[in-house]
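Biologist: Could you walk me through how to read helix packing and domain contacts here?
Modeller: Gladly; let us begin with the structure in view.

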Amino acid sequence: MIGRYLSRPRTFLNSICVLIVALVALSACGSSTTNGSSSGSNQPKTPIKIGISVSLSGDFSADGKAEQEGYELWAKEINKSGGLLGRQVQLDFASDASSTTQVVTNYQKFITVDHDDLVLGPYSTLLTKPASVVASRYGYAFIEGSGGGPSVFTQGLTNLFAVSSPVVSQLNDFTSYILSLPPSQRPTTAAYATEDDPFTQPMIDTAKAALEQGGIKTVFYKVYPAETTDYTPIAQGVIAAHAQLVVLGSMLPDAIAYVQAFRQQHYNPEALVASAGPDQGSSFTGPIGGSNVAEGIYFPNGWYPGLKTFQNQQMVQDYIATYGGTADQISADTAEAFSVGQVLEEAANKIHSIDNAKLIAELHSDTFQTVQGPAKFNEQGENTVAETAIFQWQQGNVVPVLPPDQATATPEFPKPNWP
Amino acid sequence: MGLIIEAIVTGILTGGVYALMSSGLTLIFGVMDIINIAQGILVILGAYLSYVLQQQLHIDLFLGLLITMPVMFGFGVLIEFVFIRPLKRDRTMLSLLVMYGLALVIEGVLNLIFSADLVQLQGWYTTASFNVAGFYLSYIYVFGFLLAVVLLAGLYWLVYRTKFGFSLRASMQNRVAAELIGIDVERVSAITFGIGIALAAAGGMAFGATNAFDAASSYDLISRVLAIIIFGGMGSLSGALIASVGMLVVEDVTSVVWSPVWASTVFFILLVIILVVRPQGLLGQAEVRKQ
């Protein structure tokens with residue numbers, strides 16, 4: 001067969017030339033779409049499509065739903081006031097089922113099939129990591145609100161911008177508070193149980209190191225797979241250790257399971273803090289039997305309804321008007337997603353463009369205001385000015401109790417017995 | 001040592017709950033030679049039915065079974081009539097596909113109605129416990145275990161002491177031969193499927209009272225329940241009970257003694273060993289032949 005081509009070199013060369021021209025043409029078309037549309041000046045009235053992967057099922061389903069609400073709320077508000085750069089915002093959601101493989105597929109589809117102008121981040125460090133790599137491959141800015149684990153920032157990406165505070169230090173105020181207690185009141189033993197997750201484990205390990213250095217003995221430490229469904233043996237281990245302080249690296253399902261197990265076993269630690277779960281409002285208090293059961297539980301967060309930050313009060317009012325309920329039922333995930341939208345909006349307005357390359361440059365150089373507070377990003381994409389507070393369930397409400405300059409109530413210590 | 005004993009006790013009690021969920025699945029396979037891959041979502045559907053009765057009508061969870069089990073029985077008969085009976089060839093493989101599709105539909109409907117929020121069935125017994133030799137036994141686990149014992153005992157009586165049970169066992173042994181001796185195998189299949197789904201309702205209530213759940217919880221459930229019936233022997237009710245208890249005890253003890261990371265691994269290593277020695281599972285074909 002090759003011989004036939006060699007005997008007709010002109011035909012062969014012509015074919016090669018056609019092939020090369022076709023490849024060049026296709027590449028040109030591809031590069032014009034991989035960076036999204038530029039300022040949209042060619043078609044100013046077409047909506048700006050933003051691809052977002054949300055966890056509508058799986059382990060992160062409650063958080064995913066709250067996050068979707070935050071994005072939708074932001075889109076609704078911006079469209080009400082004329083859109084982004086005069087164009088309506090259209091959110092292109094896809095469910096990732098809390099799966100790292102599905103989230104990659106989703107972002108590939110947003111960029112290469114749907115040709116979305118922009119993409120925004122999914123829920124969790126676990127999903128943000130692979131998703132951000134996809135966005136980076138195609139030169140897309142990747143603003144996200146729920147992926148603050150340290151491993152997100154060691155990927156060497158320049159397109160990633162984490163609006164919320166880095167997770168590793170989120171319990172610092174809590175550990176400082178515990179260590180500041182008078183020796184007669186201070187817990188002497190601590191139990192730690194954490195998911196093997198890039199969000200929870202770094203936070204718990206940092207807290208453990210600080211508390212051990214302060215003289216609080218570790219009597220139980222367990223890391224369990226994120227796929228665990230039966231938390232009873234782990235809870236039993238915590239209970240059997242009789243620790244005075246319990247530090248949980250949990251998400252919503254395990255936080256619920258631990259509270260149930262501790263209640264059933266009449267185990268009342270003096271203090272109980274969880275990385276996530278209690279921040280989910282009614283999604284947490286409902287399954288555990290009411291907000292009175294949550295009394296005294298601590299958790300870290302970058303947001304609460306009463307925070308006096310840019311557009312926060314308006315967002316809370318709009319949320320209640322749209323979804324009902326009360327302010328305390330609003331998940332922090334909603335605020336994180338809303339913050340992401342705010343940063344995108346401010347950056348685009350400042351440069352009058354949604355070109356991804358220009359957005360990335362702008363996001364690296366400026367400071368932005370969000371419902372969670374200010375956002376300024378370092379080279380790795382960490383928000384270097386983010387603030388985290390420690391919250392506690394008190395009398396059915398979530399109140400900030402630490403640090404003192406952000407507190408609206410004093411920490412309740414020791415934690416009251418389960419009802 | 002106390003922790004190990006506690007893990008064994010918890011494993012036995014929790015195993016009863018899984019026995020309820022898996023007994024229906026093994027029964028359906030035994031009679032109909034189909035793997036009801038939708039069993040997990042049907043358990044969750046049963047849990048949601050109990051949830052609705054509790055929330056809307058304030059009916060106690062256990063009393064609510066008097067409503068949910070017949071409803072789910074009827075639903076099971078309907079599923080068999082509409083989706084399974086038309087499958088005349090390659091039943092085992094096609095039923096996997098059909099039931100998987102049905103599972104996705106049910107999951108989607110549940111998500112639409114209830115959203116992805118986790119819920120948990122509540123009652124005075126879901127958080128209360130009593131002291132036994134220094135540790136607390138939760139009432140819901142004890143009640144769930146007793147429910148499993150009562151229902152499985154009732155199922156045993158039905159299968160081994162009634163005329164219907166005779167027909168059912170004959171169908172399990174040899175479907176064609178059962179037809180030849182005048183047994184209405186299709187009727188037996190429909191009723192068996194209904195019973196299997198009714199047991200899922202009971203399992204769902206027990207599961208929902210001990211775990212927060214949403215529609216996506218079915219994926220974890222079906223993988224565990226399938227492992228249980230393979231371990232116990234497909235088609236064997238006693239095997240399902242022993243395997244359920246065995247699985248949970250092994251996992252809980254491993255979690256406590258070693259690490260939660262290895263809990264499932266140890267169980268599956270044991271499963272492989274058992275299957276190498278007895279490919280039919282613990283009480284698989286042997287028990288059927290004994291009948």
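**Reading a helix pair**

Modeller: H8(A) and H1(B) are roughly antiparallel to each other, a term for angles over 145 degrees, where under 35 is roughly parallel, 65 to 115 roughly perpendicular and the rest oblique. This is a predicted model: local features need pLDDT of at least 70, side-chain atom pairs count only at pLDDT 80 or more, and totals for chains, interfaces and linings use all residues. Residues are numbered from 1 along each chain as its sequence is written, with chains lettered from A and ligands numbered from 1 in the order in which they are written.

Biologist: At what angle do H8 of chain A and H1 of chain B pack, and how far apart are their axes?

Modeller: Axes are lines fitted to C-alpha atoms, for helices over the stretch in contact, and angles run from 0 to 180 degrees between N-to-C directions. Here H8 (residues 232-241) of chain A and H1 (residues 2-32) of chain B pack at about 150 degrees, with axes 11 Å apart. Their contact involves residues including Gln236(A) and Glu6(B); contact means C-beta atoms, placed from the backbone, within 7 Å.

Biologist: Is Ile78(A) buried, exposed or partly exposed?

Modeller: A residue is buried with 20 or more other C-beta atoms within 10 Å of its own, exposed with 12 or fewer, and partly exposed in between. Ile78(A) has 18 such neighbours, so Ile78(A) is partly exposed. Ile78(A) is found in helix H3 (residues 61-80) of chain A.

Biologist: How many residues of domain 1 of chain A contact domain 2 of chain A?

Modeller: 18 residues of domain 1 of chain A contact 18 of domain 2 of chain A.

Technical notes:
Helix = DSSP H or I, 4+ residues; strand = E, 2+ residues; numbered from the N terminus. Contact = placed C-beta atoms within 7 Å.
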